[in-house]
Amino acid sequence: MQRRLPALLLVLPALTVILFLFVLPLALSVAGAFETETGFGLDNFVKSFALYSSDMIFTLMIVGLSTCMIGLVSIAIGGYLTLGENPRAVAILRWLYRWPLFIPFIVVGQVLRTFLAKNGLMNNILVGAGLITPLQAISFLDWRGIVIAFVWKQTPFVTLLLAGAMASVDRGTIEAARNLGASRARILVEILVPQVARTLMVGLVLSFVTMMSVLSVPLMINAQSPTMLTADIAFRINAYGDYGVANALGLISLAATACVAWFYLRQSMRDRG
Amino acid sequence: MMHQGFLDIAGLSAGYGATQVLGGLDLSIGEGEFVALLGASGCGKTTLLRAIAGFATPSAGRISVAGQDVTHRPPDKRGMALVFQSYALWPHMSVARNIGYGLKLRGRSKAEIARRVGELEELLGLTGLGDRKPAALSGGQRQRVALGRALAVDPRILLLDEPLSNLDARIRLKVRHDISALQKRLGITAVHVTHDREEAMVMADRIVILDRGRIAQQGTPQALYNRPETSFVAAFMGAENRIELSAGIEGDTVAILAGPHNAPARLPRDGRPLSSGPLEARFRAEAARLLPAAEGEDVATSDVTDEALDLAGRVETASYPGGAWRHSVRIGDETLLVDAPEPFAQGAAVRIRIPAPALFLFDRPGEVPGPNEGSTGNGPRGRALEALKT
């Protein structure tokens with residue numbers, strides 16, 4: 001019983017940090033979302049949906065599509081790293097795929113802006129190679145640019161988790177399938193991915209949450225409407241000082257990520273049960 | 001040997017990177033035969049099995065099945081199925097899906113797969129477990145699922161990579177018999193890798209003992225047990241007691257010279273390739289008898305014994321592992337283990353009598369007594385040789 005006090009004292013610094021730097025600001029933001037000029041109400045949410053519902057759908061579509069593509073690309077890379085039979089190709093891929101991890105989102109936005117623009121590097125190469133004429137060149141600096149940026153930046157992160165999980169899968173389970181005549185594609189889909197499904201889910205949920213909170217990429221690549229919610233939040237605060245609507249938009253983003261987190265938790269509970 | 005050579009291995013060399021594990025190995029296995037590859041870890045037995053299965057690429061040599069060269073065929077095109085040491089069951093699939101996967105890959109209909117899986121579940125005593133995941137099975141059940149998965153595709157050759165090493169000792173004894181009974185019933189050819197001598201002897205028709213990537217000896221369990229050709233094989237087959245002797249070969253007789261701890265003896269040569277000079281003798285603890293000896297008795301001057309070799313020593317400890325008392329007896333600098341029905345007191349002078357058929361004799365090459373015998377730095381050996389010269 002006397003041990004309780006020292007234990008509490010030990011926990012206190014960490015608890016204080018969490019309370020004041022995390023719980024309190026979150027509570028203030030949530031409360032702020034319901035604050036209007038006439039007291040508490042849903043006015044901010046009504047305004048948010050009226051002005052930004054297309055942006056909400058745009059955001060969810062972009063982040064959802066990016067998540068799916070990240071999943072597919074990282075399965076392909078992780079699968080090749082685990083099942084590839086050319087040691088040199090595997091070594092090169094292992095060395096290459098992590099690079100984007102070390103590049104900040106803002107730099108990714110900047111790089112892709114010069115790469116994907118109408119007269120950017122990509123179109124210049126395609127024109128130079130005679131594949132398209134200058135008139136056919138189109139800018140990718142819209143939703144496609146954001147998806148490309150997200151996939152390029154987040155795939156290494158998910159692949160890192162996935163390749164680690166794949167490497168720790170019992171090689172025997174792969175060889176047993178090969179022994180019975182399974183092709184490498186079948187081994188990847190039917191043997192390897194199901195065994196690392198939970199790690200894949202964790203990686204994708206974390207990526208989803210990260211992408212929901214990125215401001216620099218939509219600002220750099222796609223400044224027109226529709227745009228992503230993060231850009232809208234920044235705009236409400238910087239242009240109007242309108243914290244109410246900004247907080248409401250933030251809460252809506254939080255609800256979207258919470259849905260994904262809930263889906264993940266339910267899945268992992270079911271696996272355990 | 002009378003093997004028809006169903007699975008033939010000729011001049012097989014294999015290894016990992018620069019390390020060569022197998023060097024020019026020849027082995028012929030008959031159809032329906034159960035062969036155990038026995039050896040200590042690192043002897044190349046698993047590499048040999050993986051080369052046969054197609055998971056290790058040989059650097060030289062040829063593997064053929066029923067006269068067809070399969071050396072460079074992929075693992076699934078050899079008519080073989082491998083049972084892994086870890087079982088390697090797919091944790092996300094039910095028992096039925098694990099067993100039926102090979103058939104699914106072969107494009108069989110769902111009804112046919114279900115029928116075959118049902119047959120195998122019944123054969124292996126897994127009925128009613130079809131919907132369970134491997135994690136919900138006992139070790140023995142998992143092992144049978146792994147066996148069922150391999151048998152489902154009707155392989156001509158079943159390869160077993162230490163399939164019993166992860167089982168409890170009690171279950172292992174039963175599963176040994178289950179597997180060999182099943183193999184006999186199905187008439188399938190089986191190659192079984194193990195480091196457990198008893199397991200190999202109980203299960204196999206023929207045992208192949210591997211030592212550093214080469215076949216040390218092969219034959220029936222009885223032949224290997226009773227007539228080991230080398231000291232290594234004798235030790236592996238349980239003859240752990242080792243003594244050094246000196247003998248002269250006189251026709252069909254091996255005349256053991258009296259030594260500091262052994263009496264002279266005349267034993268039948270029994271066709272063994274021995275030459276006069278230093279010999280190495282090996283025997284099993286249970287094959288020797290322990291007799292009381294008079295204090296101060298000198299074995300070297302005792303009468304020549306026929307059909308048995310006598311050693312003189314002193315009991316160090318006695319323990320009871322079951323069946324008989326096991327004595328640790330000190331002979332000079334060596335300690336030998338000998339069984340006796342009744343315990344001898346600690347410190348008692350005893351004679352160890354080893355009957356001729358239980359005494360395995362081998363030449364000690366490179367240990368010819370000569371002027372530089374002390375240079376090996378081997379204390380007891382050097383002293384034994386000195387004593388012989390006197």
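Me: How many bridges join strand β3 of chain B to strand β9 of chain B?
Reply: A quick note to start: this is a predicted model, in which local features need pLDDT of at least 70 and side-chain atom pairs count only at pLDDT 80 or more, while totals for chains, interfaces and linings use all residues. Residues are numbered from 1 along each chain as its sequence is written, with chains lettered from A and ligands numbered from 1 in the order in which they are written. Strands here are DSSP runs of E with at least two residues, helices are runs of H or I with at least four, and both are numbered from the N terminus. β3 (residues 34-38) and β9 (residues 206-211) of chain B run parallel, and the number of bridges joining them is four.

Me: Which residue in β9(B) is the bridge partner of B:Leu37?
Reply: Two strands pair if DSSP finds at least two bridges between them, and β3(B) and β9(B) have four. In β9(B), the residue bridged to B:Leu37 is B:Val208.

Me: Which strands stand at the edges of the six-stranded sheet of chain B?
Reply: This open sheet has mixed pairing and the order β6-β7-β8-β3-β9-β10 (chain B). Neighbouring strands in it are turned by 20 degrees against each other on average, direction ignored. Each edge strand has a single partner, so one of its sides is left without a neighbour in the sheet. The strands at the edges are β6(B) and β10(B).

Me: What is the strand order of the four-stranded sheet of chain B?
Reply: This sheet is open, and its pairing is antiparallel. β2 (19-29) and β5 (68-69) of chain B have a single partner strand each, so both leave one side without a neighbour in the sheet. The order is β2-β1-β4-β5 (chain B).

Me: Over how many bridges do β1(B) and β2(B) pair?
Reply: Two residues lie between the strands in this hairpin, and B:Gly17 takes a positive phi near 60 degrees there. B:Leu12 has B:Leu25 in β2(B) as its bridge partner. The pairing is antiparallel, and its number of bridges is seven.

Me: Is B:Tyr87 buried or exposed?
Reply: B:Tyr87 lies in the loop between β6 and α2 of chain B and has a positive phi of about 70 degrees although it is not a glycine. A residue is buried if 20 or more other C-beta atoms, placed from the backbone, lie within 10 Å of its own, exposed if 12 or fewer, and partly exposed in between. With 23 such atoms within 10 Å, B:Tyr87 is buried.

Me: What phi does B:Arg212 have?
Reply: Most residues other than glycine have a negative phi. B:Arg212 lies in the loop between β9 and β10 of chain B and is partly exposed, with 14 other C-beta atoms within 10 Å. Although B:Arg212 is not a glycine, its phi is positive, at about 45 degrees.

Me: Which element gives the largest share of the side of chain B that touches chain A?
Reply: Counting two residues as in contact if their C-beta atoms, placed from the backbone, lie within 7 Å, 17 residues of chain B meet 13 residues of chain A. The elements giving two or more residues to this side of chain B are β6 (80-83) and α2 (95-105) of chain B. With three residues, the largest share comes from α2(B).

Me: At what angle do the axes of α2(A) and α8(A) cross?
Reply: These helices, residues 43-83 and 184-195 of chain A, have axes that come within 11 Å. They are roughly perpendicular, because angles of 65 to 115 degrees count as such, under 35 as roughly parallel, over 145 as roughly antiparallel and the rest as oblique. The axes cross at roughly 105 degrees.

Technical notes. Axes are lines fitted to C-alpha atoms, for helices over the stretch in contact, and angles run from 0 to 180 degrees between N-to-C directions.
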